[in-house]
Each structure stands twice: as C-alpha cells, then as structure tokens.
Amino acid sequence: MTAHRIVFANEKGGTGKSTTAVHVAIALAYQGAKVAAIDLDPRQRTLYRYLENRIETEKLRDIALPGARFSVYDGDDIGELDDLSEAIAEGYDFLIFDTPGRDDQFARHVAATADTLVTPLNDSFVDFDLIGQVENDTFRVKKLSFYAELMWETRKKRGLKTINEGRRELDWVVVRNRVQHVEAKNMRRLEGALKELSKRVGFRISPGLSERVIFRELFPSGLTLLDKGHLGELGTSHLVARQELRQLVAGLNLPMPDRREPQFELADEK
Ligand SMILES: Nc1ncnc2c1ncn2[C@@H]1O[C@H](COP(=O)(O)OP(=O)(O)OP(=O)(O)O)[C@@H](O)[C@H]1O
Ligand SMILES: [Mg+2]
C-alpha cells in the first residue's frame with residue numbers, strides 16, 4: 001500500500017500553502033496516521049523549519065507530540081526526488097508536499113502524481129486568476145492557469161491509467177484561506193465566480209481557515225492549533241479556529257488507515 005499523496009500547490013506566493021500543509025499533517029498525525037512531508041521550497045523552507053521548530057519545542061519543554069517525518073528537497077533531478085519520496089514514505093499512510101509559490105518543475109511533477117491536490121486561495125478576484133480568468137459579469141472562463149491546464153492533462157492521462165492499472169482518481173480541492181468578513185454583495189460575487197470556475201475547471205470547494213493572528217504566531221514554536229488544545233493552552237477565542245481546522249481536514253475526504261490508534265484525541269477534546 002503506497003502512501004496517499006497530498007500536494008499543496010498554488011503558483012502564487014503567500015496564499016497559505018505551508019500553513020495549511022503543516023496543520024493538515026499534524027491533524028492527521030493526531031488521528032493516528034503515519035505522516036511524511038517533503039518541502040519543495042529549498043529557499044524558504046517554511047514547512048521544514050516549522051517542523052524543526054516543533055522538535056526544538058518538544059525538547060525544550062520535555063514533551064512528546066504527534067509529528068511527521070520530514071525532509072526538504074534541494075536537488076535538481078526528478079528521479080532523485082522520486083527516490084526520496086519513496087524512501088521517506090515507506091510504510092507511511094500520507095506523503096505531503098509543500099511547494100513554492102511559483103512555477104516550478106518539481107511542483108508540477110508532484111502535482112501530476114498527487115492523489116489529493118489542495119490549492120489554498122485568498123479571498124479575492126486577484127487570487128481566482130490563479131485558476132482561471134473569468135469575465136467580469138458572466139463569470140465565463142477566459143483563460144486557464146497552468147495548474148488548471150496541468151490538472152486537465154493529468155486527469156486525461158489518469159483516466160486511461162485508471163482503466164489499465166487501477167490508479168486512484170485525482171481529487172482537486174480548493175480551500176479558501178484567510179477568509180474575512182467582506183460585504184455580503186461582494187461575497188456573493190466571489191462565491192458565484194468560484195462556483196462557476198469549479199464547474200468548468202473540475203475542482204471542488206471545501207471550507208478553509210479564517211484570517212486569524214494566531215496562525216502567524218505559531219510558527220516559531222512549531223505548534224499547531226491542535227497542540228495548543230492538547231497542551232491546554234488554547235483560549236476560548238480559538239476554539240472556533242480549531243473547529244475550522246477540523247472541518248478543513250474532514251473536507252479533504254482522505255482515506256484514513258484502519259489500524260490507526262488515535263492516542264491524543266481525548267486530551268485534545270478538553
Ligand atoms: N488563516 C490565516 N490567518 C492569518 N495569517 C495567515 C493565515 N494563513 C497564513 N497566514 C500567514 O500568511 C503568511 C503566508 O502564509 P504561508 O507561508 O502559509 O503561505 P504560502 O502559500 O506557503 O507562501 P509561499 O508561497 O511564500 O510559500 C504567513 O505569514 C502566515 O503566517
Ligand atoms: Mg510556503
């Protein structure tokens with residue numbers, strides 16, 4: 001059984017790929033899954049450093065938290081990346097890739113081999129352009145982005161493979177990130193455009209995270225909202241945020257392993 005591959009990708013920077021990737025990885029670990037992760041952005045290394053900080057915090061505070069096995073790929077060879085992917089995910093349930101916010105050959109490669117592709121989008125028309133450009137009034141799609149085209153191609157190829165080799169279907173999920181309260185009329189326009197795009201481009205929309213300061217504050221400690229809850233350090237104002245995170249993970253419809261033993265769930269529910 002090979003690990004289920006979840007790829008976080010969006011060709012634009014700063015949309016929340018690394019933040020959601022780490023939160024999803026740790027949430028799955030809390031549910032008892034074995035999770036591996038590869039950071040494909042050797043310059044920023046956000047996911048890698050986040051998980052390094054996490055280990056540091058565990059040492060400093062003398063605590064053990066559910067975690068992920070992780071690495072960063074900074075080479076220039078697809079075959080080498082495939083070898084690393086196979087080695088790191090050997091015997092694991094999930095392999096998570098965090099990709100850089102730019103067009104990148106390795107990001108394309110892993111997106112094309114994903115089981116679940118997650119694209120976080122900030123809540124604005126500027127970000128929607130990353131999937132496709134829509135006409136102002138009718139929301140008709142004028143032009144597809146490279147990810148959208150890549151996904152079309154991948155699906156076409158997979159379609160043939162599914163028949164021959166039983167390859168899993170690709171599930172492309174767009175999650176809105178940093179959702180804020182915008183004027184109702186504007187919100188309806190945004191939702192209308194996104195829905196139209198989803199029908200034409202073939203992704204589904206799932207709930208994401210709201211704009212919250214805590215997401216910016218967690219990185220140095222390497223902790224996530226679930227850890228804060230587990231450690232009894234989650235303020236009541238953040239309970240809703242944790243609920244959002246759970247909904248985000250549930251919305252990804254991931255195949256959970258049978259043998260999982262959620263060790264931390266009870267403490268987490270406090
Ligand atoms: N829901 C949120 N609320 C508040 N801040 C957020 C949220 N999600 C992400 N951020 C902040 O926005 C910034 C960008 O997020 P992140 O690094 O996850 O994006 P990214 O898509 O990985 O960026 P890059 O393309 O540069 O890798 C970070 O400072 C992060 O803390
Ligand atoms: Mg990032």
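Analyst: A polar contact is a pair of N or O atoms within 3.5 Å; within protein, one must be able to donate a hydrogen and the other to accept it, and residues adjacent in sequence count only if both atoms are side-chain atoms. Here a backbone N or O atom of G16 lies 2.9 Å from an oxygen atom of ligand 1, and N or O atoms in the side chains of S18 and R178 are each 2.9 Å from an oxygen atom of that ligand. This is a predicted model, in which local features need pLDDT of at least 70 and side-chain atom pairs pLDDT 80 or more, while totals for chains, interfaces and linings use all residues. Residues are numbered from 1 along each chain as its sequence is written, chains are lettered from A and ligands numbered from 1 in the order written, and side-chain values use heavy atoms, without hydrogens and water.

User: Which residues come nearest to ligand 1?

Analyst: A residue is near a molecule if one of its heavy atoms lies within 4 Å of it; of the 17 residues around ligand 1, K17, S18, T19, R178 and S210 come nearest.

User: What span should helix α2 have?

Analyst: Helices are DSSP runs (H or I, at least four residues), numbered from the N terminus, and the expected span is 1.5 Å times one less than the number of residues. For the 16 residues of α2 (46–61) that gives 22 Å, and the end C-alpha atoms are 22 Å apart, which agrees. After α2 comes D62, with a positive phi near 55 degrees.

Terms used. Helices (H or I, at least four residues) and strands (E, at least two) are DSSP runs, numbered from the N terminus.
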